[in-house]
Number of protein chains: 4
Amino acid sequence: MRIAMIGLGRMGGNIVRRLLRGGHEAVVFDRNQHLIDDLVKEGAVGATGLDDLRGKLAERAIFWVMLPAGPPTEDTITALLEKSLPGDIIIDGGNSFYKDDIRRAKLCVAKQVAYVDIGTSGGVWGLERGYCMMIGGETEVVDYLDPIFKTMAPGRGTIPPTPNRMEQEGEDARAELGYIHAGPPGAGHFVKMVHNGIEYGLMQAYAEGFDILKSKKSDKLPEDERFDLNLTDIAEVWRRGSVISSWLLDLTASALAKDQMLAQFTGTVADSGEGHWAIEAAMEEAVPAYVLSAALFARYRSRVEHTFGDQVLSAMRFGFGGHTEMPQ
Amino acid sequence: MRIAMIGLGRMGGNIVRRLLRGGHEAVVFDRNQHLIDDLVKEGAVGATGLDDLRGKLAERAIFWVMLPAGPPTEDTITALLEKSLPGDIIIDGGNSFYKDDIRRAKLCVAKQVAYVDIGTSGGVWGLERGYCMMIGGETEVVDYLDPIFKTMAPGRGTIPPTPNRMEQEGEDARAELGYIHAGPPGAGHFVKMVHNGIEYGLMQAYAEGFDILKSKKSDKLPEDERFDLNLTDIAEVWRRGSVISSWLLDLTASALAKDQMLAQFTGTVADSGEGHWAIEAAMEEAVPAYVLSAALFARYRSRVEHTFGDQVLSAMRFGFGGHTEMPQ
Amino acid sequence: MRIAMIGLGRMGGNIVRRLLRGGHEAVVFDRNQHLIDDLVKEGAVGATGLDDLRGKLAERAIFWVMLPAGPPTEDTITALLEKSLPGDIIIDGGNSFYKDDIRRAKLCVAKQVAYVDIGTSGGVWGLERGYCMMIGGETEVVDYLDPIFKTMAPGRGTIPPTPNRMEQEGEDARAELGYIHAGPPGAGHFVKMVHNGIEYGLMQAYAEGFDILKSKKSDKLPEDERFDLNLTDIAEVWRRGSVISSWLLDLTASALAKDQMLAQFTGTVADSGEGHWAIEAAMEEAVPAYVLSAALFARYRSRVEHTFGDQVLSAMRFGFGGHTEMPQ
Amino acid sequence: MRIAMIGLGRMGGNIVRRLLRGGHEAVVFDRNQHLIDDLVKEGAVGATGLDDLRGKLAERAIFWVMLPAGPPTEDTITALLEKSLPGDIIIDGGNSFYKDDIRRAKLCVAKQVAYVDIGTSGGVWGLERGYCMMIGGETEVVDYLDPIFKTMAPGRGTIPPTPNRMEQEGEDARAELGYIHAGPPGAGHFVKMVHNGIEYGLMQAYAEGFDILKSKKSDKLPEDERFDLNLTDIAEVWRRGSVISSWLLDLTASALAKDQMLAQFTGTVADSGEGHWAIEAAMEEAVPAYVLSAALFARYRSRVEHTFGDQVLSAMRFGFGGHTEMPQ
């Protein structure tokens, strides 16, 4: 199939590469000309703007928007919708908030344009491993795009099949290839949002565990209770037969193998919105989300030296006990 | 009554003062001679050591140990127990772990010495406001010491009586004066330990709330959703008729009235053991203690610039997404 | 002053009573006729609807809406705005989301109607103790309404003044009477929202603490480490000289004095929106809110027998260890 | 090598099987005769008691104790130590608290008996997949036992090697086979304890995520924001190329494939000690462990219908607002 990709960053560029290698055609655009040029060398067709892009697509044009969530995505989709013809398909493959998808899909429907939201996981490894995709949209449209998804997805690979699977009605065979039609517009990004919420929680669980291991050599502990543990070996051994083996652990093992002190990293950790939205969703549903929220807050906390709240604590302690602060 | 006080720091010294003013006698000892001298000027009898101390007391000597928990308290009580005669009373008025009390009480019983543990709250304000006391020990002994406790306690004061009170069997009239016989040895420090666990939780609730208020002027927020709030006035107004009025809020209001920025404090917050032990107790009882533990962890976190866990998070993010760290 | 009150529930009705007693006049309306009748007997003027209400007010009419947040408040304010004349004042005294205030205030401005949002704390005790008020609105309007606020507020009462207070520029003398002008429209409800977030945190801290105390008699603990503690006395003694004394503790002491088992309550705990919004605000500001969120989640959790998450845990444990579930 | 196994439950029995298949010899004992008989049929040598067991071993006897932590393990090791000769080796392969290992190792050293503690992960899958082992003990002894460990471990298998590995000094090649010598006695169980703490955190992250997904169809949500998601397919797709793929997710996918409602499970979740000890370790080291503690508390909470804390909350709400409880 022929597809237009708007946004050729790390994700968008590699998706195009994977599609080209799979025999599809891609028309590409980015504000950054050299990103276009690079892909043209690899077989894509360059475009000079959104009008040119539309012109280089046939009927039922497929636009894949792969831009940062918020204004870049919003403005681009608004512009595309104006240029679209009935039957065209706009895909938001970025990290949008699912309520924005629901809203936008209604606008698109009014113009007989289809709207599809896709949450993709796989990061920089997607080109090689394939992209895990969670797709929201109308069934007919998602089915129409299937050749695209099949090429992008990891496929069955060497991952062992899940016992018991395909015994319930309604299970989707595509899940075993690495993509699902999650539901109507918004459902793709919703599932991806929860995925990222879980991701934060998993990461924080490992982070706290390795912190406990590392701090076990602290000279504040009784001398016969101190251990100077080899974190690199521990991460490695947990990859092999333990209950907590995972891809995130594989990555941690690799980072620790490079440098057990992780001295390259100061520990200032960004979050990208999904963790926040996942907690919002939990609150709307009255679901307790202790771990997912704590994981998010740890990132906020990592980015400030002290909170004002910490100062309030010190002020109270001084007030009732005359306590002065500890030296850091 | 005549009582010996060992440890004349902020707490021990003021307790002696309050007892002297209440007509009791005190023999005092501290490793720091000038602390002894100060109290002698106010009417106490100085001692040169534990032997001298015992000599200056009659039968049924009362030793009040007011030292830091851990070795200072443990060693002093061990030494006192050796010098004690049957019928003597050893009081640990510090912040000991209640299981240490249980253990020590057994050692004392073997020598016919009584052991009493007292958790006191009130901080530097106790001299003036009186001390809130939670007492563990045998009933006969606690009753014998009652004149001491009555003098130390705040008394009824102007605090309105609790509706419904004194209608259940087994309620203790002393509670309205500000002290209770909580149970056998260890019970006093156990109740005080939970008190401090709650204290950490309350403090952290206010701390987070004031942080949310202060950060509402952040220029990362949409311009029409920013507020530059006066924290001093907010703390003040909450003291008056609101559901969250408390003594800790009074202290916060006073600190904010002095300097709304709390610039005197960096936000490095100590913890003193009770918070930790309260979580241990919760775990032994399988009681969920989300808030009390989070409050404790916030203090740990306030004392390091970055955790190793934060670095692990950054290493993973770099691993799967090529993400570099945020500038702080 | 003469004021119209729409919504005569527990809060609205008592506010009218307090205003009448303070020499103000009130025109009252509610869908429930007997609530109107009751207040008419106490000196209020009844109205048959919003039109009648407007007719019974002079120029610069003051409408106080005291209804549940969401559609009841929204619809009433929309209707009032249609019937309002330039110069009129609409007050939302309920528990609205502050972003709704910001939006509504813009609509009002367009019609030269003033919008004021007031967060009130004090619950059923307000009639007697006075209402603690956090007010958002334009300065001129808030000043104009001052006689109303002064009557409603608790006043200085017997609460000791805050040391250091009134030494910084910009402090508001009204705070000592129990109300503040927090900022532009929305600021009143924002401050009240954070107040309630803190309230949840404080409550949960006490709740966990009393749970640890109560569970200390569990027969799962070693026999010499069990205590059968008198919670009623403990709550009472903490009211007197302890660091954790507060109004919420006073209420707890009273409830425990009535029945130490609290058998009247099953422990199914509602939340009213502010706790949720406070976490949202924290996330927008990137403020870690571990305690406030945990307190909110405890309420969600109290309302279900088991979460689906609990079942997922059991399924995993069965999967890797063949573990069957514990009997409850 | 020839080894004695005491305790032939799920773990002990399968370890014997794996060793027999690997060409080792095993003398086996359990209080339950039929467990002995079963293994004798598979080639083990049965024993009638600890004395018989010692008699059937040569010099440098190896005793592997595989019993529940606490008194069963403690008593058995005490008895074995009495019957041991200098040079013998006692292995605690269960889930003991690492401080018990440190204590016991000192007792063993005094009798020239070696003590080794082994944390094993792998659950019921170990027979087939091999056991991931974390070993504490003296180097010479651990090296001596290597043939045993090599047979028990999973080996390299098809797990891809970790990039960067074996470039730092001090890395242990055995880690790639699935076992490590973590440090002196106690270190094995310490690392296993942290492993389980992480395990609880990971499990809770997935649990909360699936709860948010499932509750998205709640009729309390606005109708156009509800999704009826297929959890089975979502778990499956996340196994394939996503950042959160893991063995625990594989197990979840399998359980959901069997029954998306997980109706077989009520959600009453046990914990086995390690999660508790991991939090204790974190507190001793002053490491914030928000996620690991929250995961533990969720299990406590899953085992009671309501906490007393919940009742305290209801009592307070009734006290200040006259609020009655929600129907569950």
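Predicted model: local features only at pLDDT ≥ 70, side-chain atom pairs only at ≥ 80, totals over all residues.
Residues are numbered from 1 along each chain as its sequence is written, and side-chain values use heavy atoms, without hydrogens and water.

The C-alpha atoms of chain A occupy a box of roughly 75 × 50 × 45 Å along the principal axes. Chain A contains 14 helices and eight strands, taken as DSSP runs (H or I, at least four residues, for helices; E, at least two, for strands). Of its 328 residues, 65% are buried, that is, under 20% relative accessible area.

Turning to the interface, 61 residues of chain B are in contact with 61 residues of chain A (heavy atoms within 4.5 Å). The two chains bury about 5400 Å² between them, with 65% of this on carbon and sulfur atoms; buried area is the accessible area (1.4 Å probe) lost on putting two parts together, summed over both. In chain B, the residues that lose the most area to chain A are Phe308(B), Met316(B) and Phe320(B), together 14% of what that side buries.

Across the interface there are 18 residue pairs in polar contact, both at pLDDT 80 or more. Helix 14 of chain B gives the largest share of the side of chain B that touches chain A, 14 residues.

Key
Chains lettered and ligands numbered in written order. Polar contact = N/O pair within 3.5 Å; in protein donor to acceptor, adjacent residues only side chain to side chain. Buried < 20%, exposed > 50% of the residue type's maximum accessible area, 1.4 Å probe, protein only.
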